[in-house]
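The sequence and structure come first.

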Amino acid sequence: NISIISAAVVNLLRWFPVKWRWSIAILVVWLFVLLTGAAPSAVRAAIMGMLILFAGIVGRLADVTISLVLAATGMVASNPKILVGDVGFQLSFLATVGIIYLNPVGQHLLRRWPIAVRGLIIPTLAALIMVTPILAINFERVSLIAPLTNILVVPLVPVAMLLGFWAIVGGMIQTDLGLILGWVAWAPLRLVTVLAEYFQNFPGASIAVKINPGIWLVIYYLGIAVLLFRYYVQQIKTSPRPAGLAHLH
């Protein structure tokens, strides 16, 4: 959502100087966060988005890992209780870690699949793999239908966000225009709700579980960490070295 808003602002102000465009995008992103109640997921995304946009302003390449670490560090430093007491914070960061680091592993393993299919399915599954234990512990349910539901819903979210953004812009220009665009934006949002309500009523859509955090949770995430470490070490070993460094050992 933050990416969509940032891109929309930058494109809308494309006749402005680059630094002005990206600076205004940062301001709009934080206004969006305030309007949505400053949930941990929105704050995390906004900090990452701000760092990436700021890197563009100062003419540097953005690093998503550094952005994620800085976002987490800043939020925990401002309120250490969210690390263990805020489920939204935990889910947001775990899902992001899954999309950033676990998704490439799935893309590599299923590289023979069509790109469009991989792009839709694998990021969703990567996020679910990371957050399912936390969901099970805190909500005592595990959804079996979530992968299918998310795959159907995810493509609608950027459409709804983009249409909603233009509805706001239209409302600033003329009230009736904002209302018309708002009704257009309502359609994908309504479809998201309908899909969620439809699939939650499936027999066996979710199962009740009652588990407590323990050593199994450490083993679960440690196993994922080992998998990721081995994968990325192997990627580094097999990646071609720059021509100028080919003679170095």
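Seven aromatic pairs turn up when the whole structure, a predicted model, is searched. Tyr198 and Phe199 make an edge-to-face pair, because their ring centres lie 5.3 Å apart and their planes meet at 80 degrees, beyond the 60 degrees that edge-to-face requires. Tyr220 and Tyr221 also form an edge-to-face pair, with 5.1 Å from centre to centre and 85 degrees between the planes.

**Aromatic residues**

- One aromatic cluster is made up of Tyr198, Phe199 and Phe202.
- Phe199 has a relative accessibility of 8% and therefore counts as buried, the cut-off being under 20%.
- Tyr221 is buried, at a relative accessible area of 18%, whereas Tyr220 is partly exposed, at 29%.

**Helix H9**

- Helix H9 covers residues 156–173 and has 18 residues.
- From the first C-alpha of H9 to the last, the helix reaches 26 Å, which is close to the 26 Å expected at 1.5 Å a residue.
- The buried residues of H9 are Leu156, Ala160, Met161, Phe165, Ala167, Val169 and Gly170.

**Ala185 in helix H10**

- Ala185 has its place in helix H10, a helix that spans residues 175–200.
- With a relative accessibility of 5%, Ala185 counts as buried.
- Leaving aside residues up to four places away in sequence, Ala185 touches Ala160, Leu163 and Gly164.
- Of these contacts of Ala185, Ala160 is itself listed as buried in H9.
- Ala185 and Trp166 are 19 residues apart along the chain, and their C-alpha atoms are separated by 8.7 Å.

**Confidence in the model**

- The protein has a mean pLDDT of 81, and 90% of its residues reach 70 or more.
- Among the elements of the protein, helix H10 has the highest mean pLDDT, at 90.
- The lowest mean pLDDT among the elements, 70, belongs to helix H1, which covers residues 2–12.
- Over residues 242–249 the pLDDT stays under 50.
- For residues 242–249 the model has two contacts beyond four places in sequence.

Methods:
Residues numbered from 1 in each chain as written. Predicted model: local features only at pLDDT ≥ 70, side-chain atom pairs only at ≥ 80, totals over all residues. Heavy atoms only, no water. Helix = DSSP H or I, 4+ residues; strand = E, 2+ residues; numbered from the N terminus. Expected span 1.5 Å × (residues − 1). Buried < 20%, exposed > 50% of the residue type's maximum accessible area, 1.4 Å probe, protein only. pLDDT = per-residue confidence, 0-100. Contact = heavy atoms within 4.5 Å. Phe/Tyr/Trp six-rings, centres within 6.5 Å; stacked < 30°, edge-to-face > 60°.
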